[in-house]
Amino acid sequence: MTHGHDSETIESWFDRTMHMDQYGTRLPFGSLGAKGLTHRFVELSGADRGRELNVLDASGGYASACLGAGSPVVGAALSRAVQEAGYVTDEIHSWERSKLLELLFREDGLWAEQFPAGEYHVAGRNSGSEGMEMALRLALESRFDHRRLRPAEGRGHRDIVLAFEGAWHGWTGGLLPLLNKRHYRIGLPSVAPEPYGFTVRHIPFGQFDAAREFFARHGDRVLAVVIEPVQGDAGIIVPPAGYLREVARLCTDSGALLVADEVLTFAKTGQFFGMADENGPIPTDVSVVGKSLGMGVLSTSMVIARRNLTVRATGAISTSDLRPLTCAVIRAGLEHIQAEGMVEKSRGLGEHVAKRLDEELVTVFPELYTESRGSGVMHGVELTQRVADRLGEFRETMIRSGVFVEFMGGAGRRSGGLRYIFPTMRVAPPIISTLADADAIVERLAAGSRSFLEVSA
């Protein structure tokens with residue numbers, strides 16, 4: 001091997017020994033670095049051990065690296081912030097925090113239409129999961145008189161949090177009840193009904209009648225609805241037109257809170273927020289954004305909540321609440337995205353990707369793919385059972401064909417007569433991608449599909 005790495009042999013990649021394997025079987029590739037969308041991988045085993053591969057990233061690093069690798073804008077912001085910004089916690093007002101929040105929420109700010117400053121306030125957390133925990137906490141605290149720590153008048157009876165089949169909101173303990181997949185929940189802590197506790201109920205996502213019927217029966221008990229504008233792990237499920245606004249109406253009419261999990265959808269649906277339609281922003285009580293918010297170099301999230309939603313004093317302090325360095329990176333990245341019109345341009349890019357995925361994968365390889373779905377630059381190509389049963393082999397074939405993609409678990413079995421949804425290949429390239437990049441990604445996906453069929457025949 002070359003490139004100035006200390007390793008002389010593949011066996012000396014010590015993270016293969018020491019890094020916890022959370023997948024069951026880790027992919028047999030190592031990363032030598034990346035620039036833009038192109039990653040340099042190396043084979044770590046087999047007859048081709050040591051062979052290098054140039055691989056296009058169609059996933060954006062768990063959908064977090066919206067600017068790809070090696071962004072000079074992000075690099076300059078990091079360098080400046082490390083040297084100049086300091087590290088004060090949220091006890092002290094921060095110039096970097098002020099500049100970021102002014103950019104976003106002032107009267108003409110980037111997000112002012114969605115979240116007017118007079119109606120909302122914000123907090124920062126270290127990850128999307130922590131942000132969603134904070135959102136759930138805000139909903140639960142809304143039932144309480146914070147001074148006397150008793151149920152607030154007219155709120156104590158609200159003990160249902162409504163979630164959706166196939167939902168994914170994070171790994172942390174408080175969020176596990178929101179997931180209806182037995183695989184993730186069995187044997188782990190759950191939230192049982194008790195005084196001041198709550199019960200989670202699940203209904204099919206995207207079904208108007210199911211939502212209306214649930215609220216007709218239990219609306220007076222619903223504390224909050226937790227929803228993804230586009231379901232991610234369920235297989236990139238896009239709800240029908242009008243559905244998100246109808247859920248918002250049901251919440252408003254019943255007095256329930258609406259919590260939007262925009263950790264995945266942030267900046268990927270052709271606009272900054274997925275909670276919007278042709279009529280404009282869809283109002284929420286709490287929205288959580290993450291992943292791309294950290295520009296691929298920081299793990300961070302932002303919780304945007306109505307001003308009447310808060311927590312008991314000192315009850316939710318976080319080490320990572322919009323630290324100056326974090327704010328500097330977010331601001332530099334968002335200013336760059338806005339100046340280049342990247343979010344707007346991603347609409348056309350997404351339409352182009354959607355057309356090619358349908359025409360060159362789903363239509364050409366019916367043995368491998370069921371259908372293609374998506375919004376903006378976030379697309380999912382659902383696998384057939386034939387491929388789902390050999391997912392590890394399929395993914396390795398794609399990497400050797402020069403493209404890195406991730407796979408969503410699928411919604412599995414759903415109620416209401418809805419069909420089973422198998423694992424889904426997520427194609428969500430960074431928003432710096434060009435049409436040529438998108439074409440190359442689809443071409444490599446098609447090449448990988450042909451190779452898989454050849455070896456699995």
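Two strands pair if DSSP finds at least two bridges between them. The views below show a predicted model.

**View A. Strand β15 pairs with strand β16.** Five bridges join β15 to β16 (residues 378-383). The two strands run antiparallel. Serine 372 stands opposite valine 381 in β16.

**View B. β15, β16, β19 and β18 form an open sheet of four strands.** The order is β15-β16-β19-β18, and the pairing is antiparallel. β15 (369-375) and β18 (406-408) stand at the edges. Each has a single partner strand, so one side of each is left without a neighbour in the sheet. From one strand to the next, the twist averages 30°.

**View C. Helix α12 lies across the sheet strands.** α12 covers residues 391-400. This helix lies across β15, β16, β18 and β19 (424-427). Its direction is at about 150° to that of β18.

View D. α3 holds 13 residues, 72-84. At 1.5 Å a residue it should span 18 Å, and its end C-alpha atoms are 18 Å apart, which agrees. Val74, Ala77 and Ala81 are buried. These residues cover an arc of only 60° around the axis, which puts them on the same side of α3. The buried residues of α3 pack against α9 (324-339). Turned away from the buried side is a face that carries the exposed residues Pro72, Val82, Gln83 and Glu84. Glycine 86 follows α3, with a positive phi near 80°.

**View E. Helix α5 is largely enclosed by the rest of the structure.** α5 has 14 residues, 128-141. From first C-alpha to last, α5 reaches 20 Å, close to the 20 Å expected at 1.5 Å a residue. Eleven of the 14 residues are buried, so the rest of the structure largely encloses the helix. Among the buried residues are the glycines Gly128 and Gly131, the methionines Met132 and Met134, and the leucines Leu136, Leu138 and Leu140. Glu141 is also buried.

View F. A disulfide needs two cysteine sulfur atoms within 2.5 Å. By this rule the count comes to zero disulfides. Cysteine 66 is in no disulfide, and the nearest cysteine sulfur, that of cysteine 327, is 16 Å away. Cysteine 66 counts as buried, at 4% relative accessibility. Cysteine 327 counts as buried too, at 0%.

Notes. Residues are numbered from 1 along each chain as its sequence is written. This is a predicted model: local features need pLDDT of at least 70, side-chain atom pairs count only at pLDDT 80 or more; totals for chains, interfaces and linings use all residues. Side-chain values use heavy atoms; hydrogens and water are left out. The expected span of a helix is 1.5 Å times one less than its number of residues. Buried means under 20% relative accessible area, exposed over 50%, partly exposed in between (1.4 Å probe, protein chains only). The arc is that of the directions from the helix axis to the C-beta atoms. Contact means heavy atoms within 4.5 Å. Axes are lines fitted to C-alpha atoms, for helices over the stretch in contact, and angles run from 0 to 180 degrees between N-to-C directions.
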